[in-house]
Amino acid sequence: MNETRQSDGTVVPKKPSNKGQAMSPAERVEGRDPAKGNAKQQNKARTQRRDALQNALNRIREAAVRDRKRRFTTLWHHVYDPERLRKAFSELRKDAAAGVDRQTAQQYAEKLEDNLRDLSDRLKRGAYRAQPVRRVYIPKPDGGRRALGVPALEDKIVQRATAEVLNAIYEVDFQNFSYGFRQKRGPHDALDALWVAITTMKVSWVLDADIRAFFDSISHDWLVKFIKHRVADKRVVRHIQKWLNAGVLEDGQCMRVEEGTPQGGSISPLLGNIYLHYVLDLYVEHWRTHRAKGNVVVVRFADDFILGFEIRSDAVRFLEELRPRLAQFNLELHAEKTRLIEFGRFAAERRQRRGVGKPETFNFLGFTHICGTMKNGRYTVRRTTIRQRLHSKLRKVKEQLRRIMHSPIPRVGKWLRAVLRGHFNYFAVPLNSDSLSHFRFSVVDLWRRALRRRSQRTRITWARMKQLAAEWLPTPYISHPYPDQRFHRHHLRQEPGAGKPLAGICAGGAW
């Protein structure tokens, strides 16, 4: 029977039973006719596919747009969906280091469907447990060491799935001048916006700011409070707290961490952006619209941010007020890396009149920014590879060449070709040809020295090296267009209500 007649004569349809068993009264539900015109189709597919996953994120995004103060209460079921977990696993680097579980992606993939099904079930039942993060250190260009955290494989999967769901909400909230670790945004978008802002807006002073040990200083309490502004699903918040409190494994000892989020986790960049959105971005946006007397431009990429000011007093006052603002949330500006410099269209002329030399430079996202001019005398911002970054890369190439010194020339040539192409893909911006040529020449010279060490009776001359370089190594090429060309191609319209062209650049270059 497909229906049940109650004592009052009402006919109640019965939900199809599991495994053909009889239905209890508690399982009876209201019936629904199929949609007209779709008689041959199922009302809902048994397996949610990639397009259905995206539709779910679109619905979350649309709800976030409709109500900027809405708190989402039911998000966790999107995270433990097996298809989303499968998608998260497919996006992981398969050659990444293993965490404390010592499980690699290749091992996990051997029984992928069973593993994902088990993981989904544990997430659904609340039996999932976050594991400590294995801490490793990598050298920094300035000679120091950067601490990275390597989460366990399943933690990476769940974190990536959670970040994908939360991004649907926070991409609506984040300010336009924030570029780090965001969808369809990268470092060159931030560099383009900064270049266009300085060359077209009234910018005479630049504040180059850096937050000291940002990811290690994030307050867990403040971060959870910020997340709860938009996320009311206790399961999502609880799992974020699990990752924050899982601890760090270093030298065989597990240590509890009271603050900070480990760099290297799939969700750490999003948590960092959420933290700085409430601590810095909203504050900067309010300050420049209500307290600044002149133009203020800002571009932020993760914990590195640049502000341009028209009036020096605005810059000095902002810097004085920013320090206590950050201290309130357990953050501190790096004393050596935070500078206020005179920079812009008229900086060289003004400094020459005062007899204080050329304008100072600042570093941002791998490039040194310099006040310069084009051949026609027009002002421009020249961007060259940071010298320390260049030398650090050459040292790594030298060390690797010594290890593979006796390898066949074709093998070494292919590897060096990949190194040069990777370097050119990022640093090949207009007006940086000299730095690119210097890098290639240095690589050729290091290769020549490595070949000469293979034998005391070497025949490797510079003529021979030129032949090898022409055969295996690409020549320097500019792969990036001028910043204003790419910027205007990505942002075709002006900011609503702007009184003059390019006024929207004050928001960092994105609408």
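Leaving aside neighbours within four places in sequence, which residues is Asp155 in contact with? Select Asp155 and look around: Tyr128, Arg129, Ala130, Gln131 and Trp243 are there (contact means heavy atoms within 4.5 Å).

Before moving on, note that this is a predicted model, where local features need pLDDT of at least 70, side-chain atom pairs count only at pLDDT 80 or more, and totals for chains, interfaces and linings use all residues. Residues are numbered from 1 along each chain as its sequence is written, and side-chain values use heavy atoms, with hydrogens and water left out.

Stay on Asp155. This residue is buried yet has no salt bridge, and Arg122, the nearest side chain of opposite charge, is 7.6 Å away. Buried means under 20% relative accessible area with a 1.4 Å probe, protein chains only; a salt bridge needs a side-chain nitrogen of Lys or Arg within 4 Å of a carboxyl oxygen of Asp or Glu. For charge, Lys and Arg count as positive and Asp and Glu as negative, with His and the chain ends not counted.

Now select residues 153–173, helix α6, where Asp155 sits (helices are DSSP runs of H or I, at least four residues, numbered from the N terminus). Of its 21 residues, 20 are buried. Go to Asn167 to find a bend of about 40 degrees, the angle between axes fitted to the seven residues ending there and the seven starting there.

Last stop: Asn432, in the loop between α15 (409–427) and α16 (433–452). Asn432 counts as buried because its relative accessibility is 1%. Not counting residues up to four places away in sequence, Asn432 touches Phe367, Arg383, Thr384, Thr385 and Phe427.

Terms used
Helix = DSSP H or I, 4+ residues; strand = E, 2+ residues; numbered from the N terminus. Buried < 20%, exposed > 50% of the residue type's maximum accessible area, 1.4 Å probe, protein only.
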